[in-house]
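Subject: Handing over the structure

Hi there,

Here is the structure I promised to pass on. Please have it open while you read, and my notes on what turned up follow below.

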Amino acid sequence: MTSPLVLRCSSLPRAMLCPASVRDDGMRVDPVSAEGGRGTAAHELLRGLPERGTIDWDRVPEVAAEFDVDADELRMLCAQGTKLWKEVGDRYGRAVAEVQMRAALSPGVVLTGRSDLLAGGMGADWKTGFKDSSYREQMLGYCALALFDDTELDRVTFTLLWVRTGEVESYTLTRADLPAWTARVVDTIAGWDGRTYRPGEHCAYCPVRYRCEAATAQDRQYVQALTVAGLPADLATWTPEQLDDLKVRASAVEALAKHDRRRM
């Protein structure tokens, strides 16, 4: 019997762009990064806001040491989170923190996720980093799981709480739209043809990129494109199209370099 394809809500943004990224056929690379450590440490402390209405400030040094992050920066993130919670906390009532959810989207596809906050038809996800991509599909995944879990809900809204900027970003999924969303996810990811790869900037966060021939080929193409002969040496003589193309390729190389630096 074939095991079901298990998807995490956090992997949906990347999986919808390239279904190959969630195919586990062996080694997976999950680089340790300072950014990830800060996020995990902050989440550990921010969970105290819906549970107790405050953060356990005395634990900041302990948590910072546990995750090997800067205590002052962690304290700053907690202060920003507290400020944001004062603005939005009332809408969540008796929210429950760290709610694990799971549902079968089809006989061969299972969706899982752990929401930072959940209160009936409303949920939220703390984001302690900077906006670097779209998290729409992740939020819709949480909405879908909440709808599957509580059949009395007609709609669910999940909100991104951007700690550093104080911004909020909400996404809603209704029960009427749930079947279409589910079919789109299953068709796109489970229905992958096994041949088509869609490399792009999202490759920098892919756990299987190191054995992905498509990503490697694109990286090689971009790097070679920056040194290829045949273009005028004087940038002032380049056409707007040539400059735009160079910017796209340079951005891709920059993303690749940032990804490699996170591994160091």
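A quick word on terms before the details: a residue is called buried when its relative accessible area is under 20%, and exposed when it is over 50%, with partly exposed in between. Please also keep in mind that this is a predicted model.

**Helix 5**

With that cut-off, the buried residues of helix 5 are Leu74, Leu77, Cys78, Gly81, Thr82, Leu84, Trp85 and Val88. Cys78 has a relative accessibility of 0%, so it counts as buried. The helix covers residues 71–88, and its 18 residues should span 26 Å at 1.5 Å a residue; the end C-alpha atoms are 26 Å apart, which agrees.

**The overall picture**

The protein has 9 helices and 6 strands. Of its 264 residues, 42% are buried. If you take the contacts between residues at least 6 apart in sequence, 66% of them join residues at least 24 apart.

As background, nonpolar side chains tend to be buried together in soluble globular proteins. Here the largest nonpolar core holds 35 residues, and those touching the most other members are Leu7, Leu111, Leu173, Trp181, Val185 and Ile189. Elements giving two or more residues to this core include strand 1 (5–8), helix 1 (12–17), strand 2 (96–106), strand 3 (109–119) and helix 7 (178–190). Helix 6 gives the most, with 8 residues. Looking at Ile189 in particular, and leaving out residues up to four places away in sequence, you will find that Ile189 touches Leu5, Leu7, Leu12, Ala15, Met16, Pro19, Val22 and Arg23. Apart from this core lies another, of 23 residues, among them Leu77, Trp85, Val88 and Leu117.

**Helix 6**

How many of the 14 residues of helix 6 are buried? The count is 11, so helix 6 is largely enclosed by the rest of the structure. The buried residues are Glu137, Gln138, Met139, Leu140, Gly141, Tyr142, Cys143, Ala144, Leu145, Ala146 and Leu147. The length of helix 6 also fits: at 1.5 Å a residue its 14 residues should span 20 Å, and the end C-alpha atoms are 20 Å apart.

**Aromatic pairs**

There are 4 aromatic pairs. Trp85 and Tyr92 form one that is stacked, at 5.9 Å centre to centre and with 10 degrees between the planes. Both of these residues, Trp85 and Tyr92, are buried. The ring centres of Tyr142 and Phe158 lie 5.2 Å apart with the planes at 35 degrees, so that pair is tilted. It links distant parts of the chain, since Tyr142 sits in helix 6 (residues 136–149) and Phe158 in strand 5 (residues 155–162), 16 residues apart. Tyr142 and Phe158 are both buried as well. Ring pairs also join Trp85, Tyr92 and Trp126 into a cluster.

**Cysteines**

The number of disulfides comes to 0. Cys143, for one, is in no disulfide; the nearest cysteine sulfur belongs to Cys9 and is 9.2 Å away. Cys143 is buried, with a relative accessible area of 0%.

Thr128 is placed in the loop between strand 4 (122–127) and helix 6. With a relative accessible area of 9%, Thr128 is buried. Setting aside its neighbours within four places in sequence, Thr128 is in contact with Gly39, Ala42, Leu46, Leu77, Val163 and Arg164.

Gly93 belongs to the loop between helix 5 and strand 2. Gly93 is exposed, with a relative accessible area of 53%. The C-alpha atoms of Gly93 and Ala119 are 6.9 Å apart, although 26 residues separate them along the chain.

Most residues other than glycine have a negative phi. Asp68 has a positive phi, near 55 degrees. Asp68 is in the loop between helix 4 (60–67) and helix 5, and is exposed at 70% relative accessible area. Glu98 also has a positive phi, near 55 degrees. Glu98 lies in strand 2 and, at 22% relative accessibility, counts as partly exposed.

Note on methods:
Residues numbered from 1 in each chain as written. Predicted model: local features only at pLDDT ≥ 70, side-chain atom pairs only at ≥ 80, totals over all residues. Heavy atoms only, no water. Disulfide = S-S within 2.5 Å. Buried < 20%, exposed > 50% of the residue type's maximum accessible area, 1.4 Å probe, protein only. Helix = DSSP H or I, 4+ residues; strand = E, 2+ residues; numbered from the N terminus. Expected span 1.5 Å × (residues − 1). Phe/Tyr/Trp six-rings, centres within 6.5 Å; stacked < 30°, edge-to-face > 60°. Contact = heavy atoms within 4.5 Å. Core = buried A, V, L, I, M, F, W, Y, C linked by side-chain atoms within 4.5 Å.
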